[in-house]
Amino acid sequence: MVNDSTRSALVSTMLSPRFYTTDFEEMDRIDISSVREEWDALMVRFRDDPNRGHFKRNADWEDIDIDELPDDLREEFKDFLISSLTSEFSGCVLYKEMKRRGTNKEICDLFGYMSRDESRHAGFINDVLKDFGIGVNMGFLAKAKKYTFFKPKFIYYATYLSEKIGYARYITIYRHLEKHPEQRFHPIFKWFKEWCNDEFTHGEAFSLIIRSDPKLTRGHNKLWIKFFLLAVFATMYVRDHMRPAFHRGLGVDIDEYDMRVLRLTSEISRQCFPLVLDFDNPALVEGLRRMERINQRAQAAAASGGIGGRIGKAFWGLAAGVNFLRLYMIPSVPNTLPETSRLQPIW
Ligand SMILES: [Fe+2]
Ligand SMILES: [Fe+2]
């Protein structure tokens with residue numbers, strides 16, 4: 001029997017986390033010699049594995065009664081956990097497959113380490129979900145979920161951004177709760193600092209991969225980079241706004257929180273992207289807000305059902321496309337890559 005949470009983890013909409021496959025042979029040909037020194041230093045961190053024992057419940061864990069949370073908060077928190085687990089597991093599967101198929105030692109080592117980390121992250125969330133009386137059957141998910149094919153370069157841009165945005169989201173929540181511990185409605189948030197350091201490190205690896213081949217940041221690839229910046233940022237903005245009770249529960253203002261996370265990710269991305277989005281242009285922020293309103297209308301149309309609902313959904317889908325185009329037309333800001341990629345997770 002497939003339980004409900006496995007089912008909701010399976011739904012492949014535009015917004016829910018996807019599973020990816022790629023041209024593993026091409027990826028296996030990555031040549032990291034131009035970034036060798038930084039690469040080796042990063043591999044030492046992966047080998048040392050400072051978070052080896054982190055993803056377990058220990059004395060810091062306080063048992064709470066899930067049923068005492070308000071209904072909307074509990075539902076949105078559960079939804080947050082399932083969608084986070086799906087992303088973690090999606091990374092785990094992709095990275096593991098690369099390691100399995102590869103012959104290039106550097107690449108196999110890296111992807112082995114990263115899949116190790118994501119598997120721990122996914123396992124920890126699944127353990128927490130057991131308190132809700134549910135568990136996602138990950139073996140089943142890996143077989144049943146639809147896989148989207150992405151060329152290797154798209155995997156680098158998209159995965160780089162999702163690792164860094166993951167870092168920025170988790171560290172921002174962690175720092176907020178450090179100041180407001182009374183709003184930590186669940187103990188899992190105590191685990192976020194070390195957790196996001198893993199994601200930060202994964203992002204560092206993709207930054208080096210992107211920097212290893214100058215073609216990836218030149219010519220028409222700049223257009224792709226801008227596309228992924230907008231797609232990843234808009235997705236997060238819209239998805240977060242679908243969880244108002246969750247963010248209220250944490251005591252964060254969702255607009256302010258999202259803008260802070262996006263600006264931070266944008267700053268970080270200067271390490272390997274030849275351009276950044278212009279967050280000082282009010283049109284960008286307004287475009288993201290408009291995307292959120294369009295999504296609400298699309299959801300309402302879909303929920304109303306029938307032919308009217310289908311037409312409404314198609315209409316708002318089109319509106320989202322047009323809005324994305326408008327966002328894309330906003331000039332970006334050129335960025336000169338720094339001498340080295342290396343960043344410290346200091347935020
Ligand atoms: Fe992760
Ligand atoms: Fe990661």
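Mentor: Let us begin with a definition: a residue is buried if 20 or more other C-beta atoms lie within 10 Å of its own, exposed if 12 or fewer, and partly exposed in between, with C-beta atoms placed from the backbone. The model is a predicted one, where local features need pLDDT of at least 70 and side-chain atom pairs count only at pLDDT 80 or more, while totals for chains, interfaces and linings use all residues. Residues are numbered from 1 along each chain as its sequence is written, and chains are lettered from A and ligands numbered from 1 in the order in which they are written.

Trainee: Where is D49 found?
Mentor: In the loop between α3 and α4 (71-101); helices (H or I, at least four residues) and strands (E, at least two) are DSSP runs, numbered from the N terminus. D63 lies in that loop between α3 and α4 too.

Trainee: Is D63 buried or exposed?
Mentor: Exposed, because D63 has 8 other C-beta atoms within 10 Å, and the cut-off for that class is 12 or fewer. D63 and P187 are 124 residues apart in sequence, yet 7.7 Å apart in space, C-alpha to C-alpha.

Trainee: What span is expected for α3?
Mentor: The expected span is 1.5 Å times one less than the number of residues. Helix α3 (residues 36-48) has 13 residues, and its 18 Å from first C-alpha to last is close to the 18 Å expected.

Trainee: Which residues of α3 are buried, and what puts them on the same side?
Mentor: They are W39, L42 and F46. They cover an arc of only 70° around the axis, which puts them on the same side of α3; the arc is that of the directions from the helix axis to the C-beta atoms. On the other side of α3, the exposed residues are E37, D40, A41, V44, R47 and D48.

Trainee: What covers the buried residues of α3?
Mentor: The cover includes α5 (105-129) and α8 (192-212), where two residues are in contact if their C-beta atoms, placed from the backbone, lie within 7 Å. D109 lies in α5, and the C-alpha atoms of D109 and F46 are separated by 9.2 Å. As for α8, 17 of its 21 residues are buried.

Trainee: How do you know that the radius of gyration agrees with a compact globule?
Mentor: The globule rule is 2.2 Å times the number of residues to the power 0.38, and the radius is taken over C-alpha atoms. With 347 residues the rule gives a value near 20 Å, and the protein chain has 20 Å, so the two agree.

Trainee: Which residues touch the most other members of the largest nonpolar core?
Mentor: L85, Y156, L229 and F233, out of 75 residues in that core. A nonpolar core is a set of buried Ala, Val, Leu, Ile, Met, Phe, Trp, Tyr and Cys residues joined through C-beta atoms within 7 Å. Leaving aside neighbours within four places in sequence, L85 is in contact with A9, A122, I125, N126 and V136.
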